[in-house]
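Subject: Structure for you to look at

Hello,

Here is the structure I said I would pass on. Please open it first, then read the notes below with it on the screen.

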Amino acid sequence: MDIFKRKSKQNVEAHLTKGIRMSFLDLTDVSTTQSFEPLPEGLYLVTVQEAELKDTKDNTGKYVKIKLEVTGAEAQNGRVLFHNFNTHNKSEMAQKIGREQLKSFLVASGFRTPDKLTSPKELEGLSAMAMVKIRKDEGYESQNVVTYFKAYDVKAQKTGAVKHTTARGPSPF
């Protein structure tokens, strides 16, 4: 029985490593540190990676949760932000603000019918500029919040007229 276990283990290991050389991946230039620090405040080109309709904590409303990926600032490419749009809320003001933000995003992204959204999935792949600020709440770590969206000017970007900026002026990115 011991021989059988040893042979089975060797067969499994051979199967798992079949065709894979142990030096198939060079990680020399890969950093081991990931920054979870907030992005510097500024305007970023973002693309919706995921969108879903969720229930509010108290189950009395709904919101669209989006996952945004920074796609335009070289040093920040791939960083992720999250944003929620209140679509149905017992607070009329929260619902109004959420719907205005959602429509603002749809218009900024060039969505074909910004007055009608049939599914949150329609947001996936859309891009716009997002103004990102840092929120510092007592008792919590600083985090990014998106304060508004605006259209991405492709023509200005190509000519260099649009640059990533921060509250303190041009960014080194």
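I will begin with the core. The largest nonpolar core has 23 residues, and those touching the most other members are I66, L68, L81, F105, L123 and F149. At least two residues of this core come from each of strand 1 (42-55), strand 2 (62-70), strand 3 (80-88), helix 2, strand 4 and strand 5 (143-150). In soluble globular proteins, nonpolar side chains tend to be buried together. Leaving out residues up to four places away in sequence, L81 touches L39, V46, I66, K67, L68, V70, V132, N144 and V146.

Keep in mind that this is a predicted model. The protein chain has an average pLDDT of 82, and 71% of its residues score at least 70. One stretch needs caution: over residues 158-173 the pLDDT stays under 50. For that stretch the model has 24 contacts beyond four places in sequence.

Next, the overall layout. The protein chain contains 3 helices and 7 strands. Along the sequence they follow the pattern α-β-β-β-α-β-β-α-β-β. Of the 173 residues in the protein chain, 27% are buried. Among contacts with a separation of 6 or more, 45% are between residues 24 or more positions apart.

Now the aromatic rings. How many aromatic pairs does the count come to? The count comes to 3. A pair of aromatic rings is described by the distance of the centres and the angle of the planes. One of the pairs is F85 with F105, which is tilted, with 6.4 Å centre to centre and 40° between the planes. This pair links distant parts of the chain, since F85 is in strand 3 and F105 is in helix 2, 20 residues apart. F85 counts as buried because its relative accessibility is 0%. F105 also has 0% relative accessibility, so F105 counts as buried.

F85 forms another tilted pair with F149, with 6.0 Å centre to centre and 40° between the planes. F85 lies in strand 3 and F149 in strand 5, so this pair ties together parts that are 64 residues apart in sequence. Both F85 and F149 are buried. Through ring pairs, F85, F105 and F149 are linked into a cluster.

There is also a charge over a ring. K65 lies over the face of F82, 5.4 Å from the ring centre.

H83 lies in strand 3. Is H83 buried or exposed? H83 is buried, because its relative accessible area is 9% and the cut-off for buried is under 20%. The side chain of H83 makes a polar contact with the side chain of Q101, at 3.4 Å. Not counting residues up to four places away in sequence, H83 touches V64, K65, I66, L68, Q101, V146 and F149.

The remaining notes concern residues in loops. N59 lies in the loop between strand 1 and strand 2. N59 is not a glycine, but has a positive phi of about 60°. Most residues other than glycine have a negative phi. N59 counts as exposed because its relative accessibility is 59%, and exposed means over 50%.

P120 is in the loop between helix 2 and strand 4. Its relative accessibility is 18%, so P120 counts as buried. P120 touches A51, E52, L53 and V64, leaving out residues up to four places away in sequence. P120 and I66 are 54 residues apart in sequence, while their C-alpha atoms are 8.6 Å apart in space.

E122 is found in the loop between helix 2 (92-109) and strand 4 (127-135). A polar atom of the E122 side chain lies 2.6 Å from the backbone nitrogen of T118. Apart from neighbours within four places in sequence, E122 is in contact with F111, R112 and L117.

Regards

Terms used:
Residues are numbered from 1 along each chain as its sequence is written. This is a predicted model: local features need pLDDT of at least 70, side-chain atom pairs count only at pLDDT 80 or more; totals for chains, interfaces and linings use all residues. Side-chain values use heavy atoms; hydrogens and water are left out. pLDDT is the predictor's confidence in each residue, from 0 to 100. Contact means heavy atoms within 4.5 Å. Helices (H or I, at least four residues) and strands (E, at least two) are DSSP runs, numbered from the N terminus. A polar contact is a pair of N or O atoms within 3.5 Å; within protein, one must be able to donate a hydrogen and the other to accept it, and residues adjacent in sequence count only if both atoms are side-chain atoms. A nonpolar core is a set of buried Ala, Val, Leu, Ile, Met, Phe, Trp, Tyr and Cys residues joined through side-chain atoms within 4.5 Å. Buried means under 20% relative accessible area, exposed over 50%, partly exposed in between (1.4 Å probe, protein chains only). Rings of Phe, Tyr and Trp (its six-membered ring) pair if their centres lie within 6.5 Å; planes under 30 degrees apart count as stacked, over 60 as edge-to-face and the rest as tilted. A charge sits over a ring if NZ of Lys or CZ of Arg is within 6 Å of the ring centre and within 35 degrees of the ring normal.
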